[in-house]
Each structure stands twice: as structure tokens, then as C-alpha cells.
Amino acid sequence: MRSAPGGPAMHVHAARDEWFLVSDGEFEIRVGEVLHRLMPGDSLLAPRGIPHAFRNTTGTGRILLAFQPAGTMEDFFVEGSRLGPLTPFAFAELSSRHGMQVVRPSLA
């Protein structure tokens, strides 16, 4: 996934873990109350049931996301791409259809 500065709202996956691998740029990833700063080559796991969010802190960046089990996450990204830039409300609606709950705004 290529990413401009910013990132999704803090959210929870009830039934899947999310793993992050940074390949370019720098990212901040909050898992629970702990804020991590990741550089190229760094990875981090956000276990299911724990609120998390990430944001690209550089002009451009590249991050690989993996989900276990994947469930409907591919559909989530396909639908999100069709909708274009998402408002916070639209992101929360899309998330709820794919087993995620938004719990706080994105990282500032």
C-alpha cells in the first residue's frame, strides 16, 4: 500500500490480527496506548481486539499490511478504492461492514 501523510482512524478488529512492515518512509503506529515509530525494515503486530492506527509521517511511504485471518479485508480495500477519499463517517461505515469498529479519530 502506498501512503501519503496521514492514516486511518483508530480502530479494532474483533477477529483478526494486523501486521505492518514498512518498506519506505517513516510511520507512527499506535497499538493500544503505545506509540511506535517504524523505519524501513521495521515491522509490528497489532493483535486482534487491541485498538490501533497508523500514519505516514513522511511525504510518501510504503507499508505492507497483512491480516490473519484475512476474512473480507480484500473486499474492504476494493470497496474503499471505489469510494475514493473517505470521510471519517464513510470510513466508519465501511469498516463496520468488514468486522472493524472505529474507536477514535486518526493519529494527529
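User: Which residues lie on the two faces of β2, and are they buried or exposed?

Analyst: In a regular strand, side chains alternate between the two faces of the sheet. In this predicted model, β2 carries A9, H11 and H13 on one side and M10 and V12 on the other, and all of them are buried.

User: Which strand pairs with β2, and in what sense?

Analyst: The partner is β9 (residues 100-106), which pairs with β2 in the antiparallel sense over five bridges. Within β9, R104 is the bridge partner of M10.

User: Which residue forms a salt bridge with R104, and what is the N to O distance?

Analyst: The side chain of R104 meets that of E33 in a salt bridge, at 2.8 Å from N to O. The pair links distant parts of the chain, since E33 sits in the loop between β4 and β5 and R104 in β9, 71 residues apart. E33 is exposed at 60% relative accessibility, whereas R104 is partly exposed at 34%.

User: How many salt bridges does the structure hold, and which residues are linked in a network?

Analyst: There are five salt bridges, and E28, R37 and R55 are linked in a network of them. E28 bridges to R55 at 3.0 Å, N to O. E28 lies in β4 (residues 27-31) and R55 in β7 (residues 52-56), so this pair ties together parts 27 residues apart in sequence. E28 also forms a salt bridge with R37, the closest N and O atoms being 2.1 Å apart.

User: Are E28 and R37 buried or exposed?

Analyst: A residue counts as buried under 20% relative accessible area and as exposed over 50%. E28, at 10%, is therefore buried, whereas R37, at 59%, is exposed.

Definitions and conventions:
Residues numbered from 1 in each chain as written. Predicted model: local features only at pLDDT ≥ 70, side-chain atom pairs only at ≥ 80, totals over all residues. Heavy atoms only, no water. Buried < 20%, exposed > 50% of the residue type's maximum accessible area, 1.4 Å probe, protein only. Helix = DSSP H or I, 4+ residues; strand = E, 2+ residues; numbered from the N terminus. Pairing = 2+ DSSP bridges. Salt bridge = Lys/Arg side-chain N within 4 Å of Asp/Glu carboxyl O.
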